[in-house]
Structures are given as C-alpha cells and as structure tokens.
Amino acid sequence: MKIRANLSLQPLNTLALPGRAEFYCRVESNEALAEALAHARTKKLPVTVLGGGSNVVLSGDVSGLVIHMATRGVERAPGLDDQCLHWTAAAGENWHRFVQYTLAEKSYGLENLSLIPGLVGAAPIQNIGAYGLELSERFVSLQALEIASGKTVSFTKNDCRFGYRDSVFKQHAARQFVITSVTLALSTVPNVDTSYPALAAALSVTSTPDKPQPAEAEREFSPQEVSDAVCRIRQSKLPDPAVQANAGSFFKNPVLARQCWQELLAQYPQLPGYPQPDGTVKVPAAWLIDSAGWKGASGQGCAVHREHALVLVNTGACSGGQLLQLAEDIIVDIQRRFGILLVIEPQLIGC
Ligand code: FAD
Ligand code: EPU
C-alpha cells in the first residue's frame, strides 16, 4: 500500500473538476484496504472512498485520505433454486464489464443496467437504476469494512433500505463503510423486461422489415439484444464523459403526491408523469428544466447540456463551486416557477 500526498483528483472524476487529495491511496486488495483504514485511524485522517468518480461533485480539495477502489474478482455460487445463481463481484470491478460478463456466462437479469458508468462498489450507494430496473431488484447482500473499527460487516437487502436513488449509505450510514463486494441474484433463464417505453421503442426499430416478425409484444428479445438496445439509447441521449465531462443526471426526478401532481397538470397539461406503485407520481426534472428555458444555458465554464436538460457539463475549466452555482440558479428558478425543490443527485466531496 503506497500513500501519496497532494494528488490531483481531476483525472479521477468524470466532471473533470479540480481538487487535490491531501493523501491518496489506490487499493488493489482487501488487505491493502484494511491497512489503509488502519493508517487513517492511527493518523486520525477522515476517509473518502472513490470508485469511478462518475457520481461525485468535487467542490474543492479533500482533506484526509482518499481511498481509490481497485479490487478485482468475480465469483458465482448456487442460488436459492436451480435457475438462480449468486454472483459476487469485488467493489473495484467495472460495472458495465461485470454486466457484460454475466450475460456472456448466460446469467441474466442485469441487461437493463448496461453501460452505467462506475464501479460495482458504488452501485448500492444510490441504488443505480435505468430502463425500468433498480439494483435492489437483483440485490442479495454486500460486504463492507467499517471505517471507524476496520470490522467486516454484512448488509442484507433489508439493511440497505433501498429507495429511488437512495440507500442507508446516503442516509445515516453515510461515509461510515467501505463496500468491498456486492452479491446479486441472477437467473440462468432469460426473462427480459422491455416494458420501459423508450426501450420498447428502441427494440421495435431493430426488427428486420423483410423477415416476417410476430407482433412486437410477442417477439422474444434475448437479454443481449436488450443490453445492446439500452447501450444504443444511452449513447444517443447522454454525453460520453470522455468527450464532454459530466456526471449523468445532475438532479433526482421529483416524486410528488398525486394531488400536487394533479394541480400542476392543470397548469401545465404537457407535464409528463410516471405513476408509482405507492400512488405518488414521478416527474422528469429534465422536463421542468427544459421548459423553464435552461437547456444549453451556460454558467462559468459549465452549461446545461444542449441535448439533455438534466445533465450539467463542464465545458472548460470550471470549479466545483461554479458548477454548484449553476445548479443553485436552476434550483431557485424551478422552485419559483413550479414550487418543486430539485435535489442534487451526485455526492458532494471536498471542502
Ligand atoms: P463514485 O462517483 O466514485 O462514488 C459515488 C459515491 O459512492 C461517493 O459518495 C463515494 O464515496 C461512494 N463510494 C464509491 N465506492 C464506494 C465503496 N466501495 N464503498 C463505499 N462508498 C463508495 N446512475 C444511475 O443510477 N443510473 C444511470 O442511468 C446513470 N447514468 C449515468 C450516465 C453518465 C454519463 C454518468 C457520468 C453517470 C451516470 N450515473 C447513473 C451515475 C453513476 O454512474 C452511478 O452513480 C455509479 O454507481 C457511480 O459509480 P462510481 O464508481 O463512479 O462512484
Ligand atoms: N425531457 C425533456 N427535455 C430533455 C430531456 C428529457 O423534456 O432535454 C423529458 C422527456 O419528456 C423525457 C423525460 O424527460 O421523456 C425523461 O427523460 P429520460 O428518458 O432521458 O430520463 P430521465 O428521467 O432524464 C432517468 C434517470 C437516468 C436513467 C434514465 C433511464 C434519474 C435522475 N435519471 O433519466 O439515470 O438512465 O431515466 O431510465 O432518475 C443518472 O442517474 O445519472 C441517470 C442518467
């Protein structure tokens, strides 16, 4: 385990925001991680965990020890019945590569979560979700080290208290644990879910017109076809961080009480809304921001993406503070126009 001082974190976050780690350590094994945590305890250094850096806003230098997860390893074990396999991946595994590996090994169930950037260890933090599926639906358990004690702790699905872009690790267990591995239940039998409208639409376009096809609703798509379609939609909608620095959706989609939603709808008949099982309605923050005229608007060195109003991009050399100022301006305006308080989705780290 090698600890470096005063390391730039700019290449390690997909928003390419400037900021330095007081101390930095890349860990490639759980033993090195335990050693790094012991060092932080001895020196009384606060610990910040970094994965792929695709869901953080670096708002300045980070004091204490930044631990960069680079542990590898994937294992499978029999699940609860003969169609179920439990896959365990180390926190440092790349999420998309893990999804593709399970598909190649004929284990199905993660196809809708293809191409989400970042590492396996961060996936439970905000309960990653896309195209009709959340991680929680496949989740079995995770292993973590408690930062304060170095003890190994297991979390069941119940312990994690998953919600929409939420878990215990964003609430009262925030910054207390380093997740070391995640176990998911996948199936050896394909059972794809293509009900998400954008996904269904993308798949219907892939049918070859010259070959007779059953009605789209009856056509069986393979998990790999679903994964490929998800990748195509994502590539067409979201900017690639390697080309335009961003952290995906910058705000969560607001979830409104039905009555509140109906009142807004009376005022804004075009407002889309997705009814949730508990009677609430999820509203696309992108629509609110777009219809308020923010699409393409720029701040200092940053902007609202021209193609997708929910994505903020670093267009030059903006600081975390400048990006957060643009976010704040949007929040204030959306609150004033619609009475809805937008919540920032990525995690703030640094001063
Ligand atoms: P990081 O950004 O490194 O960390 C995020 C947070 O998790 C930080 O608070 C960090 O301290 C903590 N953390 C990281 N690893 C650990 C660990 N091992 N133990 C404890 N804490 C840890 N998200 C979605 O849910 N759905 C999407 O469709 C989606 N699309 C995206 C598209 C783009 C273009 C981008 C840039 C981002 C997108 N995201 C999406 C957000 C992001 O990909 C996910 O949140 C991802 O899980 C973050 O992984 P990471 O390794 O980059 O985490
Ligand atoms: N829309 C606009 N203007 C825009 C873009 C979108 O009005 O510029 C409206 C359209 O009505 C569109 C709706 O917003 O139908 C929803 O847009 P989209 O399908 O792109 O999804 P989203 O709500 O913006 C959410 C997640 C994404 C996830 C996709 C697909 C959140 C905060 N974001 O985006 O997750 O990939 O659905 O499931 O829930 C992320 O978390 O970083 C992320 C990218």
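1. A residue counts as near a molecule or strand if one of its heavy atoms lies within 4 Å of it.

2. Some ground rules. This is a predicted model, in which local features need pLDDT of at least 70 and side-chain atom pairs count only at pLDDT 80 or more, while totals for chains, interfaces and linings use all residues. Residues are numbered from 1 along each chain as its sequence is written, chains are lettered from A and ligands numbered from 1 in the order in which they are written, and side-chain values use heavy atoms, with hydrogens and water left out.

3. Now the polar contacts of ligand 2. A polar contact is a pair of N or O atoms within 3.5 Å; within protein, one must be able to donate a hydrogen and the other to accept it, and residues adjacent in sequence count only if both atoms are side-chain atoms. The side chain of Y164 has a polar atom 2.7 Å from an oxygen atom of ligand 2. Y131 takes part through its backbone: a polar atom there is 2.8 Å from an oxygen atom of the ligand. S249 also uses a backbone N or O atom, at 2.9 Å from a ligand oxygen. Alone, ligand 2 exposes 830 Å², and the protein buries 81% of that. Such areas come from the Shrake-Rupley method with a 1.4 Å probe; for residues, only the protein chains shown count as cover.

4. Ala, Val, Leu, Ile, Met, Phe, Trp, Tyr, Cys and Pro count as nonpolar; Asp, Glu, Lys and Arg count as charged; the others, Gly among them, count as polar.

5. Turn to ligand 1. There are 33 residues around it, and V49, G51, G52, S54 and R234 come nearest. A polar backbone atom of G52 is 2.7 Å from an oxygen atom of ligand 1. For L119, a polar backbone atom is 2.9 Å from a ligand oxygen. R165 contributes its side chain: an N or O atom there is 3.4 Å from a nitrogen atom of ligand 1. On its own, ligand 1 has 990 Å² of accessible area, and the protein covers 93% of it.

6. The shell around ligand 1 draws two or more residues each from strand 3 (47-50), strand 8 (129-130), strand 12 (177-187) and strand 13 (245-249). Its residues are 18 nonpolar, 13 polar and two charged.

7. Look next at T14. It sits in the loop between strand 1 (4-8) and strand 2 (20-27). Is T14 buried or exposed? T14 is buried, because its relative accessible area is 18%. Buried means under 20% relative accessible area, exposed over 50%, and partly exposed in between (1.4 Å probe, protein chains only). A polar side-chain atom of T14 lies 2.7 Å from the backbone oxygen of N246. Beyond neighbours within four places in sequence, T14 is in contact (heavy atoms within 4.5 Å) with residues including G52, S54, P241 and N246.

8. Check two backbone angles. Most residues other than glycine have a negative phi. K44 has a positive phi, near 55°. K44 lies in the loop between helix 1 (30-43) and strand 3, and is exposed, with a relative accessible area of 74%. R161 also has a positive phi, near 45°. R161 is in the loop between helix 3 (157-160) and strand 12, and is exposed at 56%.

9. L324 lies in helix 8 (residues 320-338). L324 and V57 are 267 residues apart along the chain, yet their C-alpha atoms are separated by 8.4 Å. Leaving aside neighbours within four places, L324 is in contact with V57, S59, F250, I344 and L348.

10. Finally, the whole chain. It has eight helices and 19 strands. Buried residues make up 47% of its 351 residues. Among contacts between residues at least 6 apart in sequence, 61% join residues at least 24 apart. The C-alpha trace spans about 65 × 55 × 40 Å along its principal axes.

Notes: Helices (H or I, at least four residues) and strands (E, at least two) are DSSP runs, numbered from the N terminus.
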